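Dear colleague,

I am passing on the structure discussed earlier, together with notes on what was found in it. Please read the notes with the coordinates open beside you.

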Amino acid sequence: MKKETHPDYHTIKVVMTDGTEFETRSTWGAEGETMTLDIDPATHPAWTGGGQHLIDRGGRVSKFKKKFEGFLG
């Protein structure tokens with residue numbers, strides 16, 4: 001294998017938003033550095049379900065609801 005072809009793969013510490021931490025291997029930073037996250041699965045709406053809302057464009061959602069009302073009685 002050629003040298004200088006692949007990035008340096010080393011151990012770093014990751015600190016989550018709630019203060020928990022773990023060690024992992026990464027190409028980020030340098031050996032032993034700490035990555036402090038601003039967003040993680042405990043806080044981001046993509047994982048927590050927050051901030052989701054339906055936008056009823058052209059009455060499609062209301063049409064669907066009307067069509068299937070009473071279906072799951």
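Throughout this message, a residue is called buried under 20% relative accessible area, exposed over 50% and partly exposed in between, with a 1.4 Å probe and protein chains only. This is a predicted model, in which local features need pLDDT of at least 70 and side-chain atom pairs count only at pLDDT 80 or more, while totals for chains, interfaces and linings use all residues. Residues are numbered from 1 along each chain as its sequence is written, and side-chain values use heavy atoms, with hydrogens and water left out.

To begin with the overall layout, the chain has 2 helices and 3 strands, which follow one another along the sequence in the pattern β-β-β-α-α; helices (H or I, at least four residues) and strands (E, at least two) are DSSP runs, numbered from the N terminus. Of the 73 residues in the chain, 10% are buried. The chain exposes about 6,600 Å², of which carbon and sulfur atoms supply 55%, the areas coming from the Shrake-Rupley method with a 1.4 Å probe and, for residues, with only the protein chains shown counting as cover. Among contacts (heavy atoms within 4.5 Å) between residues at least 6 apart in sequence, 5% join residues at least 24 apart.

Turning to the strands, E23 lies in strand β2, which covers residues 21-26, and E23 counts as exposed because its relative accessibility is 62%. Leaving aside residues up to four places away in sequence, E23 touches T11, I12 and K13. The C-alpha atoms of E23 and T34, which are 11 residues apart along the chain, are separated by 9.1 Å.

S26 is also placed in strand β2, but at 17% relative accessibility S26 counts as buried. With residues up to four places away in sequence again not counted, S26 touches D8, Y9, H10 and I12. A polar atom of the S26 side chain lies 2.9 Å from the backbone nitrogen of W28. That pair falls under the heading of polar contacts, meaning N or O atoms within 3.5 Å, where within protein one must be able to donate a hydrogen and the other to accept it, and where residues adjacent in sequence count only if both atoms are side-chain atoms.

The structure holds 1 salt bridge, the term being used for a side-chain nitrogen of Lys or Arg within 4 Å of a carboxyl oxygen of Asp or Glu. E21 forms this salt bridge with K13, and the closest N and O atoms are 3.6 Å apart. Both partners are partly exposed, E21 at 47% relative accessibility and K13 with a relative accessible area of 29%.

G32 lies in the loop between β2 and β3 (34-36) and, at 58% relative accessibility, counts as exposed. In strand β3 itself, T36 is exposed, with a relative accessible area of 54%. A search of the whole structure finds 1 aromatic pair. The rings of F64 and F68 have their centres 4.8 Å apart and their planes at 45 degrees, so the pair is tilted; rings of Phe, Tyr and Trp (its six-membered ring) pair if their centres lie within 6.5 Å, and planes under 30 degrees apart count as stacked, over 60 as edge-to-face and the rest as tilted. F64 and F68 both lie in helix α2, 4 residues apart, or about one turn of the helix. F64 is exposed, with a relative accessible area of 52%, whereas F68 is partly exposed, at 36%.

F64, F68 and F71 make a nonpolar surface patch of about 360 Å². Patches are made of residues with over 30% relative accessible area and no salt bridge, like charges being joined within 9 Å and nonpolar side chains (Val, Leu, Ile, Met, Phe, Trp, Tyr) within 5 Å. F71 belongs to the segment after α2 (60-68) and is exposed, with a relative accessible area of 62%. Just after α2, G70 takes a positive phi of about 85 degrees.
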